[in-house]
Amino acid sequence: MIWVAVAAIGATAGAWYRPVSADEAWSLVVARRMNRGEHLYRDVFYGAAPLAIWLQALAFRITRPQGWVVRSLTITYLVAEVTAVVVLVGSGTPAAAAAAGLMLALGGVHLAPHNHYGHLSTAATLWAAVAADQGWPVVAGCLVGIAVLGRYPVGVLAAGALGVHALLIDGWLDALLLVGAAALPVLAALLVRPRSVRWFFRRAVAN
């Protein structure tokens, strides 16, 4: 995993030289207002699914609402992405070095994309691919559900792509298990905040 370590060090070093983006700044406001008792989507606008901002709000409760907390979460997601890709291509191959380098150059937090909810969904999608490759459709599905709860279009596309992959490679039963398991994290989120569903569609989907 030497290439994961190299990418993590590069991302961590480069992250602090990149200016705060609009998404990061707004997430600071959203999470702080949530911790003050305001309701997500209804009282404060947020253009993505709720998992990333829930995690950020929790981090703010433990620390303080500061930019370095958001950037640290993004770095964590990026390292998870690189790790998944290295696992997929094989850590002992030249492809692992190339993949880690390209992800750092093109997807590093000091370049783009900069939103932590996008990185959360990408990390979950890549690990879902790892699980599907290992023949674990339920685990893959749960990870896809987590991707839906981040940047939801990415999660929905991942559910379709990995569902088709499971159908073609492993058969219809694995495909059904994967898609069914993908609904579990989403249903759990609905149970946590059932009254937010209408506002989510109005503010984050229809808007």
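Because the model is predicted, local features need pLDDT of at least 70 and side-chain atom pairs count only at pLDDT 80 or more, while totals for chains, interfaces and linings use all residues. Residues are numbered from 1 along each chain as its sequence is written, and side-chain values use heavy atoms, with hydrogens and water left out.

Side chains of opposite charge can pair when their charged atoms come close. A salt bridge here is a side-chain nitrogen of Lys or Arg within 4 Å of a carboxyl oxygen of Asp or Glu. The structure holds three salt bridges. One of them joins Glu-24 and Arg-71, with 2.6 Å between the closest N and O atoms. This pair links distant parts of the chain, since Glu-24 lies in helix H2 and Arg-71 in helix H4 (residues 67-89), 47 residues apart. Helices are DSSP runs of H or I with at least four residues, strands are runs of E with at least two, and both are numbered from the N terminus. Both Glu-24 and Arg-71 are buried; the term means under 20% relative accessible area, whereas exposed means over 50% and partly exposed in between (1.4 Å probe, protein chains only).

Another salt bridge is formed by the side chains of Arg-33 and Glu-38, at 2.8 Å from N to O. Arg-33 has a relative accessible area of 24% and is therefore partly exposed. Glu-38, at 29%, also counts as partly exposed. Asp-43 and Arg-42 meet in a salt bridge too, at 3.1 Å from N to O. Asp-43 is partly exposed because its relative accessibility is 30%, and Arg-42 is partly exposed at 39%.

Tyr-41 belongs to the loop between H2 and helix H3 (51-62). The phi angle of Tyr-41 is near 75°, a positive value in a residue other than glycine. With a relative accessible area of 3%, Tyr-41 is buried.

Helix H2 (residues 22-35) also holds Ser-27. The relative accessible area of Ser-27 is 1%, so this residue is buried. Leaving aside neighbours within four places in sequence, Ser-27 is in contact (heavy atoms within 4.5 Å) with Ile-53, Gln-56, Val-70 and His-116. Ser-27 and Pro-65 stand 38 residues apart in sequence, and their C-alpha atoms are 9.7 Å apart in space.

Ile-9, in helix H1 (residues 2-15), is exposed, with a relative accessible area of 61%. Between Ile-9 and Val-79 there are 70 residues of separation in sequence and 9.4 Å in space, C-alpha to C-alpha.

The axes of helix H6 (residues 116-133) and helix H8 (residues 152-169) come within 10 Å and cross at roughly 10°. Axes are lines fitted to C-alpha atoms, for helices over the stretch in contact, and angles run from 0 to 180 degrees between N-to-C directions. H6 is therefore roughly parallel to H8; angles under 35 degrees count as roughly parallel, over 145 as roughly antiparallel, 65 to 115 as roughly perpendicular and the rest as oblique. Ser-121, Thr-125, Ala-128, Ala-129 and Ala-132 of H6 make the contact with Val-154, Ala-158, Leu-162 and His-165 of H8. Six of these residues are nonpolar, three are polar and none is charged. In this grouping, Ala, Val, Leu, Ile, Met, Phe, Trp, Tyr, Cys and Pro count as nonpolar, Asp, Glu, Lys and Arg as charged, and the others, Gly among them, as polar.

Helix H7 (residues 137-148) also meets H8: their axes come within 6 Å and cross at roughly 155°. H7 and H8 are therefore roughly antiparallel to each other. From H7, Val-144, Ala-147 and Val-148 meet Tyr-152, Gly-155, Val-156, Ala-158, Ala-159 and Leu-162 of H8. The residues of this contact divide into eight nonpolar, one polar and no charged.

Asp-174 is found in helix H9 (residues 172-192). Although buried, Asp-174 has no salt bridge, and the nearest side chain of opposite charge, Arg-151, is 29 Å away. For opposite charge, Lys and Arg count as positive and Asp and Glu as negative, with His and the chain ends not counted. Not counting residues up to four places away in sequence, Asp-174 touches Pro-137 and Ala-166.

Pro-185 is in helix H9 as well and is buried, with a relative accessible area of 16%. Apart from residues up to four places away in sequence, Pro-185 touches Cys-142, Gly-145, Ile-146 and Leu-149.
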